[in-house]
Amino acid sequence: MAEETIFSKIIRQEIPTELLYQDELVSAFRDISPKAPVHILIVPNKLIPTVNDVTESDELTIGRMVTVAGKLAAQEGIAEDGYRLVMNCNEFGGQEVFHLHMHLLGGKRLAPL
Ligand code: 5GP
């Protein structure tokens with residue numbers, strides 16, 4: 001069994017963090033250390049440690065993460081200008097929290113990858 005991270009506590013609201021979105025599959029909240037004017041994390045409610053652990057049974061959840069990202073981008077007023085969605089995986093990808101998450105970054109012109 002993978003170990004829970006702080007994100008599970010945020011999802012369950014055991015650590016008070018404003019949830020921008022929550023449904024039966026995913027939750028979203030602002031990154032504590034924003035790297036752009038808009039920096040939101042979209043996470044599955046269920047603990048999936050990394051992209052490597054995603055299975056076909058998670059496809060609805062992963063799809064929901066993307067549709068929620070689009071809705072939040074519109075809500076934040078950054079949809080037309082554009083934004084970036086990022087999922088880091090393991091050490092070389094720069095992953096620090098081992099609870100799958102998608103970064104929604106925007107509100108300024110981002111450096112090319
Ligand atoms: P990673 O590098 O794993 O892709 O990104 C983890 C992100 O989680 C980082 O951008 C970091 O700032 C954010 N983060 C870490 N701990 C917390 C926390 O307790 N609350 C929130 N809102 N964000 C966190």
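1. Helices here are DSSP runs of H or I with at least four residues, and strands are E runs of at least two, numbered from the N terminus. With that settled, α1 gives the largest share of the lining of the largest pocket, 3 residues.

2. A word on the source: this is a predicted model, where local features need pLDDT of at least 70, side-chain atom pairs count only at pLDDT 80 or more, and totals for chains, interfaces and linings use all residues. Residues are numbered from 1 along each chain as its sequence is written, and side-chain values use heavy atoms, with hydrogens and water left out.

3. Now the overall fold. The protein chain has 3 helices and 5 strands, running α-β-β-β-α-β-α-β along the sequence. Its radius of gyration (over C-alpha atoms) is 14 Å, close to the 13 Å from the globule rule for 113 residues, so the chain is as compact as a globular protein of that length. That rule is 2.2 Å times the number of residues to the power 0.38.

4. As for dimensions, the C-alpha trace spans about 40 × 30 × 25 Å along its principal axes. Buried residues (under 20% relative accessible area, 1.4 Å probe, protein chains only) make up 37% of the 113.

5. Contacts (heavy atoms within 4.5 Å) are worth a look too: among those between residues at least 6 apart in sequence, 56% join residues at least 24 apart.

6. Back to the lining of the largest pocket, which divides into 13 nonpolar, 8 polar and 7 charged residues. Nonpolar covers Ala, Val, Leu, Ile, Met, Phe, Trp, Tyr, Cys and Pro, charged covers Asp, Glu, Lys and Arg, and the others, Gly among them, are polar. A pocket is an open set of points on a 1 Å grid over the protein atoms alone, where a 1.4 Å probe fits, with protein on both sides within 12 Å along at least five of seven lines; lining residues have an atom within 4 Å of a point.

Technical notes:
Buried < 20%, exposed > 50% of the residue type's maximum accessible area, 1.4 Å probe, protein only.
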